[in-house]
Amino acid sequence: MEKGTTRLLIEKIKEQMNHVVIHQEGLTDLALTAILSGGHVLIEGVPGLAKTLWVRTLSRIISVDFKRAQFTPDLMPTDILGTKLYNMKDSEFILKKGPLFTNLFLADEINRTPPKTQSALLEVMEERAITIDGETHPLKEPFAVIATQNPLEFEGTYPLPEALTDRFMMKLNLSYPGTEAEKKILAMYHTGFSAVDLHKDVEAVCTGDDIVRCKEEIQAVTVEDSIMDYIVGIVEMTRRVQSLSIGASPRGTINLLLTAKAYAAIHGRDFVIPDDIAELAIPVLRHRVVLTPEAEFDGVKADKIIADIVAQIKVPR
């Protein structure tokens, strides 16, 4: 694949996305970086910030299958994985596929379902396959789980286990769009925009195969040894600061490398620079660290700790 192809494709995707989702460029940049890196995304934000709309719009723009499941306390693993049913006519069991058999899967309010159902995502997020009754079914590429959770409501919720949280390549925190952006949103709906029917507002610019081919260019992105040392230095420091009881795992180190390569390609470069690492450190690492009780009591935030770590590590030249 020619150099710059990924950047041009992402620019087309972002242009279409801006027709529907206003002032969420950060979400688009980072989430696409994760998807192109073969990862999954956890999005945290209050209801009404267009999280679901963003995923639906992306599936339309890149021409891939999209399915959504509302995670509730009574949701069972088979509700998302699927199950085998007995066909009396043919006297055999047939597979009824769950919504996870798709390209983009939206796990809406993932923290509202019990750990038993949450854990059903572990295999599919890591192996890109679903095992039902001992039979493994590989999933088609591209595949990504986009999960959302509300940071304000805790009643009736189940915190994600560390093993599942670590499976997400990035955790993105969404905030309100701002006054000017909200006025543009009002103008859209005033002139007839409908989130139900996106066909008249966005058009497909590529296919899932194009997204997969972008990974060839990303794989060829150069990473100098000094950048590798920079990544390891940042992650290693998370395991030594006093305000963190648990630092980032080796999966965090790997994901920081993979996302940096995709981020470079998205910006038209075939090499990673230190700024890529600094930009991605917080979304890649914020959900992989655990604060000490004392730090939590003092109101310290993981984002601030990671930002301080990045500032302390010597930048390669």
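1. Two strands are said to pair if DSSP finds at least two bridges between them. Helices (H or I, at least four residues) and strands (E, at least two) are DSSP runs, numbered from the N terminus. The model discussed here is predicted: local features need pLDDT of at least 70, side-chain atom pairs count only at pLDDT 80 or more, and totals for chains, interfaces and linings use all residues. Residues are numbered from 1 along each chain as its sequence is written, and side-chain values use heavy atoms, with hydrogens and water left out.

2. Strands E6 (residues 129-132) and E7 (residues 135-138) run antiparallel and are joined by four bridges. Within this pairing, Ile130 has His137 of E7 as its bridge partner. The hairpin has two residues between the strands, and Asp133 takes a positive phi near 55 degrees there.

3. Thr117 belongs to helix H5 (residues 115-118). Because its relative accessibility is 1%, Thr117 counts as buried (under 20% relative accessible area, with a 1.4 Å probe and protein chains only). Leaving aside residues up to four places away in sequence, Thr117 touches Leu75, Met76, Pro77 and Ile80 (contact: heavy atoms within 4.5 Å).

4. The lining of the largest pocket consists of 25 residues, and Glu44, Gln149, Lys171, Arg286 and His287 lie nearest its centre. A pocket is an open set of points on a 1 Å grid over the protein atoms alone, where a 1.4 Å probe fits, with protein on both sides within 12 Å along at least five of seven lines; lining residues have an atom within 4 Å of a point. Elements that each supply at least two lining residues include strand E1 (41-44) and helix H14 (302-312).

Note on methods: Buried < 20%, exposed > 50% of the residue type's maximum accessible area, 1.4 Å probe, protein only.
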